[in-house]
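Visitor: I'm new here. Could you walk me through how to read this one?

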Amino acid sequence: MFEFYQLEQLIAFAECGTLSGAAEKLLLSQTALSRSMQRLENEIQVTLFIRHKNKIELNENGVLAVEHAKKNHRAGT
């Protein structure tokens, strides 16, 4: 089961647009954030990112996951 903090991290990535920006905002290392996002994908068994050599971006599933996470985050659940 995924953890609430992973959804917060996913939202931060969407807002910042980069792992490095999100990691800085969350006071994490980029490596720790990357591993956390990989664990989230493994736990929900859905790919959330398109990975390029030096960049990742949200795919359609990732965009939907961020929207869902934001709704739940605002609702306090």
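Guide: Among contacts in the chain between residues at least 6 apart in sequence, 46% join residues at least 24 apart. Keep in mind that this is a predicted model, where local features need pLDDT of at least 70, side-chain atom pairs count only at pLDDT 80 or more, and totals for chains, interfaces and linings use all residues. Residues are numbered from 1 along each chain as its sequence is written, and side-chain values use heavy atoms, with hydrogens and water left out.

Visitor: How many helices and strands are in the chain?

Guide: Both are DSSP runs numbered from the N terminus: helices are H or I with at least four residues, strands are E with at least two. Here there are four helices and two strands, in the order α-α-α-β-β-α.

Visitor: What percentage of the 77 residues count as buried?

Guide: Buried means under 20% relative accessible area, using a 1.4 Å probe and protein chains only. In this chain, 30% of the 77 residues pass that test.

Visitor: What is Met37 in contact with, leaving aside its neighbours within four places in sequence?

Guide: Met37 is in contact with Gln6, Gln9, Leu10 and Phe49.

Conventions
Buried < 20%, exposed > 50% of the residue type's maximum accessible area, 1.4 Å probe, protein only. Contact = heavy atoms within 4.5 Å.
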